[in-house]
Amino acid sequence: MIATSNSPTAVRSEDSHIVRPWQDVTAIGQNEATVLKGSSGIYVKDAEGNSLIDGPGGMWCVNVGHGRREIIDAVVKQMGELSYFSPWTMSAPVTTKLAQRLASIAPGDLNNVFFTTGGSTAVDSALRFVFFYNNCLGRPDKKQIISRVNGYHGSTYLSSSVSGKKSEKAHMDMAEGLCHFISNPKPKNRPKGTSVAQFGDMLITELEDKILEVGADKIGAFIAEPVMGSGGVIVPPEGYFKRCHEICRKYDILFIADEVVTSFGRLGYHFASKDVFGVEPDMITTAKGLTSGYLPMGALLISDRLINNINASTNEYRAFTSGFTYSGHPASAACAMANLDFFAKNRLLEHVRDIAPYFATAMNSLSDLPVVTDVRVVGLMAGVECELDASNPDEDRDCAFASKVDEACQDLGLLVRPIYNSCVMSPPLTITKPQIDTMVSILRAGIMKAAAKQ
Ligand SMILES: Cc1ncc(COP(=O)(O)O)c(C=O)c1O
């Protein structure tokens, strides 16, 4: 969250040695960043003691809220007992229990848990598993991936190669010939005169056409977020995710649900694929809410079906030669266990399902503002799209405006995540109705303040 120098919450960064994510390298050490010194519940506290509502929930991750004593204590206890074990040759009870627990809450036969260090490494591992799987099955050409424009899947070489945010690829190299991109399923962008349902049909036809064009024998997997997060909270047309899955099954293409954002309560269930969208994927990638961001951890869940197919293959060497020093780290595993305990004890999934309609109504109330041209809400995630002149949209101008809204809201006590021309909200799931009211009224005031300055 970058604040301006005239913002009361802005603190000049003295991080002259930090290269931040997405750093403009001509400006190392010159960024002005809001320095945070504390956090509790849905609030963070800046260096000057101002409390701000954590609208983006960190980076879509602080699902149980900040400062939960039981999570902190569980991590400290675990570190005192066992600070590390080699995941290659050893095991630890806490990691074993976490894998069992994830298998028990995951949809269908997703019973095999490969621990990673975060979301990108979970996606990277999923893609490597696709390559491995098809090598084992004697189909070395079936390795290409289908993904979507504006999908975000991470920042390693492979995960960024299947990410569809063009602006982030300008000066970076991607894995050549790996990925084919199909349309962003954003209903607002549908062709004029087309209903959302017709748009959904068009998207499914496009997926099938792409498979036929490249050849099903060349496509290893389709990867998709159930709801695009970093693409701006894109809620696809009804039935889209399920129909994509059916097409993939028809052509023997693996279906990877990237649930790094949507898992662990964001949509009211531990995993959204099955419970919200009716799909049992072949693989699920998760991270973020798994530990509520208290410690780094991710996971790739793999179906029994895939493991059984590999076991039935004639290939002799079947080791998935992939792994990380910190796979299943005991402190992170203890953190995830305590995080899941918090969910259960506080009936957090039920809370999200109860409060989501209220959140949706509150967010949708912003659509009366002249600059707000689209409000997208599902579960406890929302994107409020702003266009200064809808009859003449200008991407750069509207993106700059979303950043101005962020600045204005910070002055008023709310962190916002500007993504493209949208203000994105994904607050801690513990948020209450009065807190939603406060958050939305600050967002309204911030949009109006930023608009008044145009
Ligand atoms: C859907 C999705 N996949 C993968 C990632 C990458 O996760 P990480 O930043 O933990 O590597 C993100 C991060 O925002 C994400 O939103």
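Tutor: Start with the make-up of the shell around the ligand: 3 residues are nonpolar, 5 polar and 3 charged. Here Ala, Val, Leu, Ile, Met, Phe, Trp, Tyr, Cys and Pro count as nonpolar, Asp, Glu, Lys and Arg as charged, and the others, Gly among them, as polar. The model is predicted: local features need pLDDT of at least 70, side-chain atom pairs need 80 or more, and totals for chains, interfaces and linings use all residues. Residues are numbered from 1 along each chain as its sequence is written, and side-chain values use heavy atoms, without hydrogens or water.

Now the names. Gly118, Gly119, Ser120, Tyr152, His153 and Gly154 are among the surrounding residues. Being near means having a heavy atom within 4 Å.

Next, the polar contacts (pairs of N or O atoms within 3.5 Å). Asp258 places a side-chain N or O atom 2.7 Å from a ligand nitrogen. Gly119 uses its backbone: an N or O atom there sits 2.9 Å from a ligand oxygen. As for cover, the protein buries 83% of the 380 Å² that the ligand exposes when taken alone. Those areas are Shrake-Rupley values with a 1.4 Å probe.

Gly119 contributes through backbone. Asp258 contributes through its side chain, facing a nitrogen.

Notes. A polar contact is a pair of N or O atoms within 3.5 Å; within protein, one must be able to donate a hydrogen and the other to accept it, and residues adjacent in sequence count only if both atoms are side-chain atoms.
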